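Subject: Handing over the structure

Dear colleague,

I am passing this structure on to you, together with notes on what was found in it. Please look through the sequence and the model first, and then read on.

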Amino acid sequence: MPTSSPAALPIRRLTPRDRAACADLSEDRGWPREEHKWGLLLSAGIGYGVDAPEGGLVTACVVTEYGPAGHPELGAIGMVLVAERYARQGIGRRLMRHVLAEMGTTPLTLHATPYGRPLYEELGFKVTGQAEMIRGHFTPAEPDSEVRTRPATAGDLTTILGLDGEVFGTDRTHMLTRLPAFADQLRVAEENGRIIGYAAAWPNVDDHVVGPLIARDTRTAKALIASLAAHTDRPLRTDIDVRHEDLLAWAKERGLASIAFNSVMTYGLAELPGDWTRRYAPLTVAAG
């Protein structure tokens with residue numbers, strides 16, 4: 001049994017040094033440890049947590065801010081976890097209220113599981129969309145000869161950042177500049193020498209997660225996924241906006257199966273900024 005009331009335990013900022021403790025917390029709740037992802041989130045975002053008197057973390061979450069430094073235009077909340085032994089004692093609600101107070105008037109977004117959605121609705125978040133998680137071994141498709149893909153180079157970064165800012169709706173340079181080191185693959189799609197999309201595949205436990213996936217159209221998105229799949233033996237996993245029905249149907253035909261649905265929720269804005277028609281998958285649901 002807990003030795004102290006969760007209400008009496010202080011909330012503190014987490015740092016990259018807390019990566020192992022966060023992974024332990026994930027494992028405690030039956031999630032994969034995902035230390036690689038925790039490392040990215042804790043270095044690029046702001047972590048919040050509560051230490052347990054007996055060691056480890058009671059709860060944790062990460063907020064990734066986007067937009068001008070010091071004046072964020074959007075915050076993405078993710079990895080909200082409460083240790084099993086402290087569950088159903090209000091600590092998750094307390095942590096979320098603390099995050100809302102810390103973020104002030106900054107609009108927020110998150111991906112909610114069916115289990116977590118009622119709490120977020122209670123706090124004022126609204127459902128504005130849905131994403132479908134799919135996973136499996138990709139069956140190679142006949143390549144689209146009209147869509148050329150290649151590995152991204154350092155010289156592509158400025159163009160990728162410009163395209164991403166246009167589609168995502170705000171600047172996330174501090175996150176994307178970490179992609180070359182974080183991801184195993186970063187590829188671009190070109191037409192007449194112009195970049196019309198990009199995608200990354202990063203390692204997570206025993207699969208490769210495809211994200212971000214930004215593309216001019218569905219044909220380009222398919223070409224990017226197929227090119228990433230051609231360079232890995234691992235299963236692919238990604239979270240696709242359900243409005244992209246054609247891409248989801250194609251991916252399922254190629255061997256990826258539906259795993260779960262998460263609600264895309266917002267706080268302080270009616271819908272996410274940017275152009276959803278070219279935004280196919282987030283970098284990770286924890287960071288948007």
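To begin with the chain as a whole, 73% of the contacts between residues at least 6 apart in sequence join residues at least 24 apart, where contact means heavy atoms within 4.5 Å. Please keep in mind that this is a predicted model, in which local features need pLDDT of at least 70 and side-chain atom pairs count only at pLDDT 80 or more, while totals for chains, interfaces and linings use all residues. Residues are numbered from 1 along each chain as its sequence is written, and side-chain values use heavy atoms, with hydrogens and water left out.

The secondary structure of the chain comes to nine helices and 13 strands; helices (H or I, at least four residues) and strands (E, at least two) are DSSP runs, numbered from the N terminus. The radius of gyration is 19 Å, close to the 19 Å that the globule rule gives for 288 residues, so the chain is as compact as a globular protein of that length; the radius is taken over C-alpha atoms, and the rule is 2.2 Å times the number of residues to the power 0.38. Along its principal axes, the C-alpha trace spans about 65 × 35 × 30 Å. Of the 288 residues, 51% are buried, a word that stands for under 20% relative accessible area, with exposed being over 50% and partly exposed in between (1.4 Å probe, protein chains only). The chain exposes about 12,700 Å², of which carbon and sulfur atoms supply 51%; accessible areas come from the Shrake-Rupley method with a 1.4 Å probe, and for residues only the protein chains shown count as cover.

Leaving out residues up to four places away in sequence, Leu179 touches Leu186, Tyr198, Ala200, Pro212 and Leu283.

Strand β1 (residues 11-14) pairs with β2 in the antiparallel sense over four bridges, and Ile11 stands opposite Val50 in β2. Strand β2 in turn pairs with β3 (residues 57-66), again in the antiparallel sense, over six bridges; here Val50 stands opposite Thr59, and Asp51 stands opposite Leu57. The hairpin of β2 and β3 has five residues between the strands, and Gly55 takes a positive phi near 105° in it. Seven bridges then join β3 to the antiparallel strand β4 (residues 74-82), with Ala60 opposite Leu81. Five of the six residues of β2 (residues 46-51) are buried, so this strand is largely enclosed by the rest of the structure, and β3 is likewise largely enclosed, because nine of its 10 residues are buried.

Two buried residues in other strands also deserve a look. Thr109, in strand β5 (residues 108-112), has a relative accessible area of 7%, and its contacts beyond four places in sequence include Leu74, Ile77, Val264 and Leu272. His208 lies in strand β10 (residues 207-215) and has a relative accessible area of 6%; its side chain makes a polar contact with the side chain of Thr232 (2.7 Å). A polar contact is a pair of N or O atoms within 3.5 Å; within protein, one must be able to donate a hydrogen and the other to accept it, and residues adjacent in sequence count only if both atoms are side-chain atoms.

Finally, some backbone details are worth checking, given that most residues other than glycine have a negative phi, and most peptide bonds are trans. A cis peptide bond, with omega about 0°, joins Gly211 and Pro212, and Pro212 is found in strand β10. Glu34 has a positive phi near 50° and sits in the loop between α1 (19-28) and α2 (35-44), where it counts as buried at 9% relative accessibility. Val205 has a positive phi of about 60° in the loop between β9 (194-204) and β10, and it counts as exposed at 55% relative accessibility.

With best wishes

How values were computed: Two strands pair if DSSP finds at least two bridges between them.
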